[in-house]
Amino acid sequence: PPHDTPGAPTTPRAVTQQEYDERALPKPADTYANVHGISADGASPPPLADVAGSGAFGDLPPPEPLSRADEAEAAVMIEVFGEFTVQCLYSKVWMLRQAALHKLRDVLPTLVEKHNAIVALRAAMRVLRKCAHDKIAQVYLASLELIHDVLQLGATLKPTEVAQQVEPIVLPWLGKTADSNVRVREASEGALLGLCRQGAISIESLGAHASAPLKKSGDVYGLVGRLSLLAQMVAEFGSNVPLERALEFVKAAFDSPNATVRARAADVAREVYRVVEPDSLGWFLDGLKPKQRESLVAVFEEVDAERSLHGDDEDDEGALATPIGGQRPALSEIAEGDEEDARSTGRALSASRGTAGGGSGFWAPGGGG
């Protein structure tokens with residue numbers, strides 16, 4: 001926008017967020033340093049000026065005042081972090097948002113000394129939820145660096161209290177696994193796995209979210225992101241993941257025309273095969289098209305070959321686990337149809353093992369359509 005001074009040169013109006021953030025810095029009289037009375041040698045730093053790696057704040061504009069709606073939304077954040085920091089978090093200048101997050105790394109460990117633990121955790125989670133929708137990758141990634149310290153704020157709280165505050169962040173982070181930026185995708189996946197490792201959310205809950213149908217069934221990035229997360233979850237958490245739901249999601253993904261989606265679906269199936277009794281997957285294979293089943297059989301035979309190579313058997317630690325829950329004879333309870341039929345199919349599958357591929361076959365070629 002043009003300066004208020006008559007006759008001053010005008011600047012073209014920014015029409016996108018990127019153009020806004022990359023606009024020219026304001027004239028010296030309006031810089032962050034002058035507004036806050038910082039001397040040239042930085043003798044009187046403002047609250048954020050001591051943040052390592054956050055840039056020269058004397059060259060940044062001051063944060064904009066909060067609107068009434070933003071003040072209401074950010075009430076608990078203002079109470080805990082102060083208005084200035086929150087103004088930076090809400091600023092249209094992404095470097096101010098990033099700088100505020102850097103400052104919070106220093107502030108978070110001290111919050112429980114000044115605030116009730118649940119209030120501090122609620123405020124910190126509100127910060128993460130806001131940043132989860134930030135379109136600037138640097139800001140979002142900076143917010144993920146805070147998660148460990150944020151969860152530490154709930155160390156004295158009941159697990160249910162922590163889970164209640166953490167749950168709203170799951171879907172936004174899950175959505176970020178579909179981002180076009182590979183760093184954002186990988187960091188989001190790692191953050192979600194970290195929540196499970198620290199017990200902030202249950203493995204079952206995250207698995208259910210990850211295997212829920214997408215709003216857009218043909219969303220390639222969405223499918224790849226979900227399937228990648230599910231494969232990592234099964235590899236790390238085994239049968240604690242809701243495997244039937246995961247396999248139903250995999251089955252739908254196999255119908256995708258995108259080769260990467262189908263490859264990631266096979267990855268999930270491979271990890272499931274590693275942790276369950278092989279003859280309990282009959283219902284799943286029966287529901288696939290012949291070519292899909294044939295490609296998966298090849299994947300399973302690769303796993304069998306690995307076991308044979310390493311001398312694994314069903315009595316070895318970390319080898320084939322019992323079906324989910326340790327009691328059920330098959331993974332078919334969630335699948336429609338008679339469970340006895342599924343067990344019969346499983347016995348047939350078990351009998352057919354070894355009929356192909358030199359004794360390592362999972363499904364006899366041509367058997368079962």
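What is the handedness of the crossing of α5 and α6? The crossing of these two helices is left-handed. It belongs to a predicted model of a protein chain whose secondary structure comes to 18 helices and zero strands. Of the 369 residues in the chain, 46% are buried. Among contacts with a separation of 6 or more, 70% join residues 24 or more positions apart.

**Confidence of the model**

- The mean pLDDT of the protein chain is 77, and 68% of its residues reach 70 or more.
- Residues 49-56 have a pLDDT below 50, and this stretch has 11 contacts in the model beyond near neighbours in sequence.
- Over residues 314-369 the pLDDT likewise stays under 50. For that stretch the model has 91 contacts beyond four places in sequence.

**Helices α5 and α6**

- Helix α5 comprises residues 83-90 and helix α6 residues 94-107. Their axes come within 6 Å and cross at roughly 135°.
- Because of that angle, α5 counts as oblique to α6.
- On the α5 side the contact is made by T85, C88 and L89, and on the α6 side by L96, R97, A100, L101 and L104.
- By class, this contact has six nonpolar residues, one polar residue and one charged residue.
- Helix α5 is mostly covered, with seven of its eight residues buried. The buried residues of α5 are F84, T85, V86, Q87, C88, L89 and Y90.

**Helices α11 and α13**

- Helix α11 spans residues 182-197 and helix α13 spans residues 220-237. The two axes come within 11 Å and cross at roughly 35°.
- The crossing of α11 and α13 is right-handed.
- From α11, the residues in this contact are R185, E189, L192, L193, C196 and R197. From α13, they are Y221, S228, L229, Q232, M233, E236 and F237.
- Sorted by class, the contact of α11 with α13 has seven nonpolar, two polar and four charged residues.

**Helices α13 and α14**

- Helix α13 also meets helix α14, which covers residues 243-253. The axes of α13 and α14 come within 11 Å and cross at roughly 145°.
- The crossing of α13 with α14 is left-handed.
- L223, R226, L227, L230 and V234 of α13 are in contact with L243, A246, F249, V250 and A253 of α14.
- By class, the contact of α13 with α14 has nine nonpolar residues, no polar residues and one charged residue.

**Residue S188 in helix α11**

- S188 lies in helix α11.
- S188 has a relative accessible area of 0% and therefore counts as buried.
- Apart from residues up to four places away in sequence, S188 touches Y140, L144, W173, K176 and T177.

**Residue A231 in helix α13**

- A231 is placed in helix α13.
- A231 counts as buried because its relative accessibility is 12%, which is under the 20% cut-off.
- When neighbours within four places in sequence are left aside, A231 is in contact with D267, V268 and E271.

**Residue A269 in helix α15**

- A269 lies in helix α15, which runs over residues 259-275.
- A269 is buried because its relative accessibility is 1%.
- Not counting residues up to four places away in sequence, A269 touches L247, F284, L296 and F300.
- A269 and A246 are 23 residues apart in sequence, and their C-alpha atoms are 8.7 Å apart in space. A246 is also one of the α14 residues that meet α13.

Technical notes:
Residues numbered from 1 in each chain as written. Predicted model: local features only at pLDDT ≥ 70, side-chain atom pairs only at ≥ 80, totals over all residues. Heavy atoms only, no water. Axes fitted to C-alpha atoms, helices over the stretch in contact; angles between N-to-C directions. Helix = DSSP H or I, 4+ residues; strand = E, 2+ residues; numbered from the N terminus. Left-handed = near helix turned anticlockwise from the far one by under 90°. Contact = heavy atoms within 4.5 Å. Nonpolar A, V, L, I, M, F, W, Y, C, P; charged D, E, K, R; others polar. Buried < 20%, exposed > 50% of the residue type's maximum accessible area, 1.4 Å probe, protein only. pLDDT = per-residue confidence, 0-100. Parallel < 35°, antiparallel > 145°, perpendicular 65-115°, else oblique.
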